[in-house]
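Reader: I am new to this structure and would like a close look at a single part of it. Please pick one place and go through it step by step.

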Amino acid sequence: MIEAVVFDLDGVLIQSEEIWDAVREAYVRERGGRYDDEVQRAMMGMSSTEWSRYLHDTAGVLDDPDAINTEVVRRMLSSYESHLPLIDGAVAAVRRLAREFTLGVASSSNRPLIDAVLRVAGIADCFAATASSEEVARGKPAPDVYLEAARRLDMSPERCAAVEDSHGGIRSAKAAAMRVIAIPNTTYPPDDDSLGHADVVLHSLEELTPDVVRG
């Protein structure tokens, strides 16, 4: 029986992938690095430790990975504070499910960004626990962040449903043995093979109801 719902953040509750893309592209180009479709797609789902190292090692940014991470996060926080790009129906969906399930977050975003999004959106009180990929050994598609979210919720993964939008996220939640509810990102959609790992596929957050969660 499903007792908890673990939300991804980027692409599920906030339309932030475009912001991540713009911020990192501007930063990389300022530093004389390479930024193209290959670089962008490779970083989707990576933890901050992984993508900052990737930009240093593969994209040609000479700054230290810690400095890369710090500056990109600073720019992301500034963007969120000025305008939080909530996806239509995000707050309503969270509050709707919070009435019947324990909620958590398992995100590739940095801890300060997770906390800022939930605070600015006014839904921090709905979540019993949150986990960032920077707090575990491996980012998505490895299951680490979902397993950590379940641990912090004091739930077995099998009693959790995950709400995801991306190829790496879907695979991560499935590898953690959670029920996977996919709402494909329209800008950066998951490939068909990854989408095939989802237990149910929805078109929007409006379709995310307690009955769908329970299956």
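**A close look at D144**

Author: The side chain of D144 makes a polar contact with the side chain of R138, at 2.8 Å. The model is a predicted one. D144 belongs to helix α7, which covers residues 144–153. Its relative accessibility is 13%, so D144 counts as buried, the cut-off being under 20%. Once the neighbours within four places in sequence are set aside, D144 is in contact with V136, A137 and R138. A further position to look at is A106: D144 and A106 stand 38 residues apart in sequence, and their C-alpha atoms are 9.4 Å apart in space.

R111 lies in helix α6, residues 111–121. With a relative accessibility of 18%, R111 counts as buried, because that value is under 20%. The side chain of R111 makes a polar contact with the side chain of D115, at 3.0 Å. Apart from neighbours within four places in sequence, the residues in contact with R111 are T130, A131, S132, E134, E135 and R152.

Another part of the model shows a pair of helices. The axes of α3 (residues 48–57) and α4 (residues 65–82) come within 8 Å and cross at roughly 115 degrees. α3 is therefore roughly perpendicular to α4. The crossing of α3 past α4 is right-handed. On the α3 side, S48, W51, S52, R53, L55 and H56 take part, and they meet P65, I68, N69 and V72 in α4. Sorted by class, this contact has 5 nonpolar, 4 polar and 1 charged residues.

Conventions: Residues numbered from 1 in each chain as written. Predicted model: local features only at pLDDT ≥ 70, side-chain atom pairs only at ≥ 80, totals over all residues. Heavy atoms only, no water. Axes fitted to C-alpha atoms, helices over the stretch in contact; angles between N-to-C directions. Helix = DSSP H or I, 4+ residues; strand = E, 2+ residues; numbered from the N terminus. Parallel < 35°, antiparallel > 145°, perpendicular 65-115°, else oblique. Left-handed = near helix turned anticlockwise from the far one by under 90°. Contact = heavy atoms within 4.5 Å. Nonpolar A, V, L, I, M, F, W, Y, C, P; charged D, E, K, R; others polar. Buried < 20%, exposed > 50% of the residue type's maximum accessible area, 1.4 Å probe, protein only. Polar contact = N/O pair within 3.5 Å; in protein donor to acceptor, adjacent residues only side chain to side chain.
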